[in-house]
Amino acid sequence: MPRSLKKGPHVSGRLLQKVLKAQESGSQAPIKTFDRDCTIIPDFVGMKFLVHNGSNFIPVFVQTQMVGNKFGMYAMTRLFRQHAGDRKS
């Protein structure tokens, strides 16, 4: 179920502070985050993030098409190996 429009998007305050600090200094270093449910806002466009997927950090470069989505959409937590298929003999 999506978040109520009157509440606005969920954006982590600590993550927003890190982004604003990086923009002030002009730093290009990726920002590490565990906050997969944080909504991507226009301030994040052009930034590099390392999103944790449960076992390691996945690099995510934010583009304009990603605005409004969550970070979790770009860091998959499950690895699909292969269907059993013909190997079941």
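Before anything else, please keep in mind that the model is predicted.

I will start with the whole chain. It has 89 residues, and 27% of them count as buried. How many helices and strands are there in the protein chain? There are one helix and three strands. Read from the N terminus, the order of these elements is α-β-β-β.

Next, the overall dimensions. The C-alpha trace covers about 60 × 35 × 20 Å along its principal axes. The radius of gyration is 16 Å, whereas a compact globule of 89 residues would come out near 12 Å. As for the surface, the accessible area is about 6800 Å², and carbon and sulfur atoms make up 54% of that. One more number for the chain as a whole concerns contacts between residues with a separation of 6 or more: 44% of these are between residues 24 or more positions apart.

Now the sheet. The three strands make an open sheet in the order S1-S2-S3, and the pairing in it is mixed. S1 and S3 are the edge strands, each pairing on one side only. From one strand to the next, the twist averages 30°. The helix, H1, packs on this sheet and touches S1 and S2, and its direction makes about 175° with that of S1.

Strand S1, residues 31-33, pairs with S2 in the parallel sense, over three bridges. If you want a place to look, find Ile 31, which stands opposite Phe 49 in S2.

Why can we call strand S2 largely enclosed by the rest of the structure? The strand covers residues 48-52, and four of its five residues are buried, so the rest of the structure largely encloses it.

In soluble globular proteins, nonpolar side chains tend to be buried together. In this model the largest nonpolar core has 16 residues, and those touching the most other members are Leu 15, Ile 31, Phe 44, Phe 49, Val 62 and Phe 71. Helix H1, residues 13-25, and strand S2 each supply at least two residues of this core. H1 gives the most, with three residues.

Phe 49 deserves a separate look. Which residues is Phe 49 in contact with, once neighbours within four places in sequence are left aside? The list is Leu 15, Val 19, Ile 31, Phe 44, Ile 58, Pro 59, Val 60, Val 62 and Phe 71. Ile 31, you will recall, is also the residue opposite Phe 49 in the strand pairing.

Last, a residue of the helix. Gly 13 lies in H1.

How values were computed: Residues numbered from 1 in each chain as written. Predicted model: local features only at pLDDT ≥ 70, side-chain atom pairs only at ≥ 80, totals over all residues. Heavy atoms only, no water. Buried < 20%, exposed > 50% of the residue type's maximum accessible area, 1.4 Å probe, protein only. Pairing = 2+ DSSP bridges. Core = buried A, V, L, I, M, F, W, Y, C linked by side-chain atoms within 4.5 Å. Contact = heavy atoms within 4.5 Å. Rg over C-alpha atoms; globule rule 2.2 N^0.38 Å. Areas by Shrake-Rupley, 256 points an atom, 1.4 Å probe, with all protein chains shown as cover. Axes fitted to C-alpha atoms, helices over the stretch in contact; angles between N-to-C directions.
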